[in-house]
Amino acid sequence: MDQPDHRSDAELIARTSTDPESFGAFYRRHVPGVLAFFRRRTSDTQIALDLTSEAFARALEHAETFRPGDQPAAAWLYGIARNLLTDSYRRGQVEDDARRRLGFDRMVVTDLGYDRADAIADAAAELAAADLDGALTLNQAHAVEARVLRDESYEQIASDLRCSRQVARQHVSRGLRSLKRRWEKPA
Amino acid sequence: MITDDPIRDLERQLVAAATTRAATGHPANRSGRRTAILAAAAVGLLVTAAVVLTGGGGSVTSATGPGGRPAGSIVQAAYSWLDPTGTVIHMQFDTRSYAGRPPVVHEVGQTDVWYSGDTERDVSTKVSPINDRAVAHLETVSRPGSLRYYESNTNTLTTERVCRPRGTPAAADPVAEFRALYHEGRITRGATSMFDGRRVRRLVARGRGTQRFVYLVGPRTGAPVAMIDEAGGDRSTVRFTGYQRLPVNVITRRDLRLQPHPGARPIHIGGPGCTG
């Protein structure tokens with residue numbers, strides 16, 4: 001799938017030590033999927049958010065150990081997520097070592113914040129399922145993800161897809177229509 | 001940090017941490033641990049909410065009250081929103097009362113309540129359910145041993161002796177009712193449900209007699225959303241529309257006093273439970 005930042009995941013991680021915003025781009029690209037991954041396995045948005053924070057903190061700490069040839073960056077990230085989940089099950093609580101070392105402030109999430117996180121995880125799960133079904137084209141999937149999950153402007157989406165603003169809008173609206181048809185299709 | 005947008009705030013924290021690491025040659029792993037501990041100490045205590053993970057379904061054992069303070073359970077979190085210790089709490093709510101078979105709206109009201117310690121002041125407006133016009137204003141101040149209330153429709157200012165046992169709610173006050181039930185340990189955590197289009201946690205209590213009391217709160221924070229009080233087929237639904245924790249000072253103490261009502265006819269009566 002195309003991404004708003006044209007650099008690959010591996011490039012973004014490799015540049016983290018000199019360009020911190022690169023890690024932000026990597027995070028934006030993967031946070032919906034990671035959040036949905038944890039929520040599906042814990043059935044709890046609060047725990048899923050806690051795990052997501054710690055997983056990305058660990059990924060940041062270990063960014064320099066990532067070797068692009070070994071495996072795709074997404075597989076590396078989800079490996080961190082799986083290990084964290086296993087550790088947390090074993091200990092009965094979410095680890096926070098990486099966040100402590102990085103000096104993160106504790107986040108107290110309001111109900112609105114949880115609703116937003118839920119909406120993002122819902123949309124990521126639905127998009128992933130639609131992607132597997134082939135319900136969306138690559139451009140549509142990117143446009144819907146950028147607009148709905150990352151709240152990006154049509155100008156940004158048009159720039160990412162190297163198309164006009166109007167075509168970017170069409171990708172979003174057609175993608176959403178396809179998703180709607182998919183939702184309405186009887187199981 | 002209280003956040004409405006945890007996804008963006010997490011990104012900010014990650015980028016800030018990446019910036020620090022880039023500037024210092026990522027200290028956490030090498031000169032590492034000491035610097036990190038100092039950094040953590042500098043930003044204050046960092047505590048992750050303790051959670052218990054169960055296979056396939058996590059259950060939260062720690063909820064947060066007002067200001068994000070940890071409160072052991074959702075019931076305690078709900079109580080901490082209503083606990084006035086060291087503060088004046090100002091809440092606003094509207095009320096709809098239903099009665100009859102089938103139940104129909106027979107009364108609508110809008111209320112401001114301020115309370116601190118043993119003192120509580122309510123200012124409410126009764127509204128006609130037919131044309132939404134205000135039909136009466138009622139101002140009540142309740143203190144241990146006395147109840148004073150002004151009623152606009154009769155233009156009377158009543159002072160009533162109150163001899164009920166300590167801790168018993170002064171009147172049909174849902175907030176005081178919840179606090180009394182909490183102290184009796186009668187509130188239990190119910191399921192989540194929807195109210196006004198949002199997800200809420202139901203806290204349920206059997207009240208006195210046929211009374212059933214349901215308090216709807218934010219599912220994780222325990223913030224007040226609504227209270228439903230049912231007794232003998234009648235029902236009141238209170239929907240919270242405003243909440244403030246105010247400092248105790250000259251201005252807020254004034255909010256706890258009955259306002260002057262010149263020309264109101266004074267009435268003095270003995271109250272329920274008073275003998276002699």
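Mentor: A helix is here a DSSP run of H or I with at least four residues, a strand is a run of E with at least two, and both are numbered from the N terminus. The model is a predicted one. Along its sequence, chain A reads α-α-α-α-α-β-α-α-α-α, that is, nine helices and one strand. Chain B, by contrast, has five helices and 17 strands.

Two packed helices are described by the angle between their axes and the distance between the axes. The crossing of H2(A) with H1(B) is right-handed.

Which residues meet there? On the side of H2(A) they are Glu21(A), Phe23(A), Gly24(A), Tyr27(A), Arg28(A) and Val31(A), and in H1(B) they are Ile7(B), Glu11(B), Leu14(B), Val15(B) and Ala18(B). Sorted by class, this contact holds seven nonpolar residues, one polar residue and three charged residues.

H2(A) also has a part in the largest nonpolar core. In soluble globular proteins, nonpolar side chains tend to be buried together. The largest core here has 54 residues, and among these Leu35(A) and Leu60(A) touch the most other members. H2(A) supplies the largest share of this core, ten residues. Setting aside neighbours within four places in sequence, Leu35(A) has contacts with Ala48(A), Leu49(A), Thr52(A), Ala117(A), Ile120(A), Ala121(A) and Ala124(A). Another core, of 29 residues, lies apart from the largest one and includes Val88(B), Phe93(B), Trp114(B) and Val175(B).

Of the 187 residues of chain A, 47% count as buried, while the figure for the 276 residues of chain B is 28%. Among contacts with a separation of 6 or more, residues 24 or more positions apart account for 65% in chain A and for 43% in chain B.

Methods:
Residues numbered from 1 in each chain as written. Chains lettered and ligands numbered in written order. Predicted model: local features only at pLDDT ≥ 70, side-chain atom pairs only at ≥ 80, totals over all residues. Left-handed = near helix turned anticlockwise from the far one by under 90°. Contact = placed C-beta atoms within 7 Å. Nonpolar A, V, L, I, M, F, W, Y, C, P; charged D, E, K, R; others polar. Core = buried A, V, L, I, M, F, W, Y, C linked by C-beta atoms within 7 Å. Buried ≥ 20, exposed ≤ 12 C-beta atoms within 10 Å, placed from the backbone.
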